[in-house]
Amino acid sequence: MKNKNTNFLQPLMNFIELIAGNFGSLLVKSFHYLALFLIGAAIVWAAAVEFISMMGNGSASIEDILLLFIYLELGAVVGIYFQTNHMPVRFLIYVAITALTRLLLELVFDWHNIEYINIIIVCGGILLLAASILVLRYASHHYPSK
C-alpha cells in the first residue's frame, strides 16, 4: 500500500524538486552577479579615488601608477570571471607581482632606512610568482582542461 502512495505522489515530488532547484539556481546566480557587480564597482570607486588624489597632488609617482595597474588587473579578473565563470589564477598572480613590485620600489626609494634582506625577500617573491606563471602556462598548454 505504501508503494502505491509513493508512486502516486512521485510526479508531484519531482515537480516540487524541479521548482525548488530552479529557484535555488536563480538565487545563487543573482547573488553571484550582484557580488561581481559590487566588487567591480568597488574597484572602479577605489581607482577613481586614487586618480583624484593624484590629480590633487599635481603629480603621480611610480607607486601610484602601479596601484592603478593593480586596479586595472583586478577589474580584468572580475570581467573575465563575469563572462566565463572561471577564475583566472594567472591574473591574480599578475596582481601579486605588481603589488610586490610596488613594494620593492618603496623599499628601494627608502634604501637608507632598510635592511637589504627585505629587498632580497621581495625579489625572491617576485621570482617565485614569475616561476609559478611559467608552470601554469606550461601545464595549461600541455594538459588543457576539458
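These are short notes on a predicted model, taken point by point.

1. Helix pair H2/H3. Two packed helices are described by the angle between their axes and the distance between the axes. Here, helix H2 covers residues 62-84 and helix H3 covers residues 89-109. Their axes come within 9 Å and cross at roughly 170°. That crossing makes H2 roughly antiparallel to H3, because angles over 145 degrees count as roughly antiparallel.

2. Contacts across the pair. On the H2 side, the contact residues include Ile62, Leu66, Phe69, Ile70, Val77 and Ile80. Glu63 and Glu73 of H2 are also among them. The H3 side brings, among others, Phe91, Leu92, Tyr94, Val95, Leu105 and Phe109. Thr98, Thr101, Arg102 and Glu106 of H3 take part too.

3. The loop between H2 and H3. Asn85 sits in this loop. Its phi is positive, about 60°, although Asn85 is not a glycine. Most residues other than glycine have a negative phi. Asn85 is partly exposed, at a relative accessible area of 44%.

4. Nonpolar patch. Which residues make the nonpolar surface patch of about 830 Å²? They are Phe8, Leu9, Leu12, Met13, Phe15, Ile16, Leu18 and Ile19. Ile19 belongs to helix H1, residues 2-57. With a relative accessible area of 45%, Ile19 is partly exposed.

5. Ile39. This residue also lies in helix H1. Ile39 is partly exposed, with a relative accessible area of 44%. From Ile39 to Glu115 the separation is 76 residues in sequence. In space, their C-alpha atoms are 37 Å apart.

Note on methods:
Residues are numbered from 1 along each chain as its sequence is written. This is a predicted model: local features need pLDDT of at least 70, side-chain atom pairs count only at pLDDT 80 or more; totals for chains, interfaces and linings use all residues. Side-chain values use heavy atoms; hydrogens and water are left out. Patches are made of residues with over 30% relative accessible area and no salt bridge: like charges are joined within 9 Å, nonpolar side chains (Val, Leu, Ile, Met, Phe, Trp, Tyr) within 5 Å. Accessible areas come from the Shrake-Rupley method with a 1.4 Å probe; for residues, only the protein chains shown count as cover. A salt bridge is a side-chain nitrogen of Lys or Arg within 4 Å of a carboxyl oxygen of Asp or Glu. Helices (H or I, at least four residues) and strands (E, at least two) are DSSP runs, numbered from the N terminus. Buried means under 20% relative accessible area, exposed over 50%, partly exposed in between (1.4 Å probe, protein chains only). Axes are lines fitted to C-alpha atoms, for helices over the stretch in contact, and angles run from 0 to 180 degrees between N-to-C directions. Angles under 35 degrees count as roughly parallel, over 145 as roughly antiparallel, 65 to 115 as roughly perpendicular and the rest as oblique. Contact means heavy atoms within 4.5 Å.
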